[in-house]
Amino acid sequence: MLPASGLYAADVLKTREDGGPGVYTDGKTAGSAAAPVDKLTFPVGQAARIATIGGGVRGFGMLAEFPAGGPRRILVTRQTTVSSQEPYLPTALARVFDPAGNLVAVEDFSAQKSGMETRTLQVPEGAAGIWRISFSGGRQGDLIELRLPPTEAWGVRGEMAVGVSATTPRPAYLWVPPSSRKLLLGVEAGSPAGIALESRDGKPLAQAEVLSGGQRKGRILLDPAPAGQVVRVVLPQVFDGAIDFEGAPGLLCPTPEMAERLQGGTVESHGVRVAGPLQARARDWMVATAPTLDQDPRLNWPTEVPADLASPAVEVLPFGKYGGLNGVISLMRAQNENLDPAKPYFGIPTPTGLPTDGSEAESWMNFLPFPGRFLSLYDSASFAALHAFPGKLNAAYRDPQILKRAIMAAFFHLSALQGDDLIRDGRMMDLPYPLTHTFFIYDGLAQAYLSVKEALPADAGEIWRQGLMAIADKAADHQAYESNQWAHVLKAHLETYLATGEKRFLSYFERGMKAYLGGAYGPNSKFGQHPAGYFLEEYGPDGNYDRLNLFSLAACYNNYKAMPGRDEALAEAMKLGIEKNLRFKSFFWLPQPDGTLHSPTALNCRTSAMFCLSGYPGEFIAREDFPLGAARFYLDKEPAEGIGAAGITSFVANTPDWIARTIRQGVTWGGAEFEGGGQWLPALAQAYGTGVIAQPAALPFTQKDQTWQLPGLLAWNRGGIYGLTFYDVIGAQRKLVGRFGGGPSVLWTPATGSFLASMQPVGSAEAGHLPASAKEITRPEQLTYSCVFGKSDKGAFFASGSDRAKIQEGAEGREFSIISRTGSPMLAAFTWDYAFVENGLDLSVTAKTVTAPQECFVNLPVLSRLATAKVTLETPHRLVFATEQGSVTMEWPEEAAGRLEDSVSPSVKRLVVPLQPGGGRLTFRIRVSTPANPS
């Protein structure tokens, strides 16, 4: 009998949902009765409980040496308990790999109901050597037992954390590779007391230290590591927690001789120890291929643009900064700088965030992942996309050098894979988060393989296929940490299915996509689509990451909608999800008098980027089936001179002349104007290649005398003014970074563009992640959004905007009130009243406070980014916003003397007007002074 283990994923995850569906266990673990087996036929048995660490990483496995013929049969028993809180079905998979690293047997336990099941894995006859048995996924607390035929050398490991059981070797022996620099033993669950590392002959090396207040219970860190030696792992008999290792393969063997013989499953390839045989095959291919790459990259670049291009709208796609073709020579040259097999970056172009401080000396070659570096996320996909794109002007099309370079960039990741198929780029020395950007890398590898699989040499094709399947199985229900990251994993699952035809990958995609679109985690989450249509990023909307979500979803839909055997209900749900997202974002697509687009950003929860900008082309690849996607496609205006935004994202060019100019410019630029790019090309070519564009829908800012509501959003186009307020993330139960509360998010007229716009408190040119200064509001100049602020009765600064809000509708849909309440340091209720009048808007603000504040003001953000806009405070109670096309006036009572002040954003001026806090109403009469023709 095995003791019930006290493993709790909450101890090692930032938030519960980070662990995926497998951590929802109601606090229960599976029973402990072992299945009866023929112990003569299967004498080697090991059991462990599934222990989840960061990113939903979980699993359990064994390595064992067998003579020619292999193990032939392996028994796998799983005991599980289904939780009533489980958001969707977690994947549970048993796999067997031969000594070459090929997947030879797989058994899917995912659909198992509560209880115990034992299954026999029939293993084809194979070569002598070290075989790998892996159980990945499952539920937190599942009890897994593996039973093997007789073997002279075996070891057990967590993939990554092993839930220690009564069968775990005590003491256990761990082989430390000669290249190791540091060795970490992490105690992820259970008491660290008594856990120790010793030398092979029992001399103390270190005792586990107890950690408090963090996600890890304890640890041992040996720096330097005892490289090239076997260490003794001491685990008390009463310990039934979970441990993992960093800096060496975490294979626990019952004898030091077995540990030396198995060497953690590592294989040497050209002087470097890699984590397994498939990794070695990938690296061997790279070493053999590197000398054949051109040191002076050249392509047969076109010298002119043919007059008879059949589809200029498709031919333009690979040009521009992010099209790939104008950066392909730069990418090739950068890759040439990393062709030394002794270097950790071997095979890839210069990675983003390349260390220059010497820290690159510690790398995957030392079994220490690069600490959070963005390593060649889509370089393989860029090469592969250009190799596969059949444009007449594509100098990279089917070029043998481009194909080799795509393989090299992909095989960097395969050669660096951990022995349990994890893409490692998160270092575990401090926190048990072993991966950070797997979602991008997996997507890039899957997309690239799908693009070039038919052109691959047989040996490279099989290595890539095996590596991709291994990654996909390990990441089966990996969600990462935000919605867009989950969406990238789902996109990769579908691409992997399309490339391999293995139906389990389709099941990963379909199961996850249903949960993603269906709100499996609810609106108080950072995963999935909110009922309002946006995708939850750090618990709310975000102008940047919403584009990443939509791109992945639309790309999946364009592939899935025509697939034989598709789930029709899911296809319809994907279509509806895209429609909902486009509908939400359409309220934020606002043209300005200078031809640019603008969106308020105060509602963003991660970045300061606008919803209206192009970037990831989700709206654009939705143009065939979605009228709102078509409307967005036509919204960008052709520049009078040059190619404008098409020089960055060529897919925005929407007139024949603009497209032709962009193609000519792209041909003139050549292949070294930019660096890289091109990962969007397959999805764009698929969407634009049909030549079909839906009839564009009318956008909200063009529809007069209308009012719209979505959960948390009120928008209107009345009295010559278009406006909206995003007042709350409905369903959220936490303080959010976005600024809401009921004040106007944007006010716009055709003549002036956005004259009032609530923005995140950052510089106008910044569109990156929000700095701490934007998240913690402590002074008035940070108030670049609509709010009420002041000083409490005790002199403490307060500002609304981080509070929950509710809406009340008045008569005939022409009056609305939005009420929010704040707590410390000022207990108050703030009401924003919107009354739509014939030629404008009456905006009223009321404050009711428990104690009288020392001072109280209304803050309205006047947008002054247009060079042609003139903002004038004519009197202390009248402001005029004027352009050459027209103007808007704002007036308020004479007894409230307003002032115009600067803010931390160069594009926002703050209109500050005193407010009486005793319930008196302050009304701003906003009128369109010179109405403009919206056409």
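Two strands are taken as paired if DSSP finds at least two bridges between them, and strands (E, at least two residues) and helices (H or I, at least four) are DSSP runs numbered from the N terminus. The model is predicted, so that local features need pLDDT of at least 70 and side-chain atom pairs count only at pLDDT 80 or more, while totals for chains, interfaces and linings use all residues. Residues are numbered from 1 along each chain as its sequence is written, and side-chain values use heavy atoms, with hydrogens and water left out.

An open sheet of eight strands shows antiparallel pairing in the order S30-S31-S32-S33-S40-S37-S36-S35. Its edges are formed by strand S30 (805-809) and strand S35 (870-875), each of which pairs on one side only, and the twist from one strand to the next averages 20 degrees. S35 runs antiparallel to strand S36 (residues 878-882), to which five bridges join it; Thr875 stands opposite Arg878 in S36.

Helix H5 (residues 379-388) and helix H6 (residues 400-415) have axes that come within 8 Å and cross at roughly 155 degrees, the axes being lines fitted to C-alpha atoms over the stretch in contact and the angles running from 0 to 180 degrees between N-to-C directions. H5 is therefore roughly antiparallel to H6, a term applied to angles over 145 degrees. In the contact (heavy atoms within 4.5 Å), Asp379, Ser380, Phe383, Ala384 and His387 of H5 meet Ile402, Leu403, Arg405, Ala406, Ala409 and Ala410 of H6.

Note on methods:
Angles under 35 degrees count as roughly parallel, over 145 as roughly antiparallel, 65 to 115 as roughly perpendicular and the rest as oblique.
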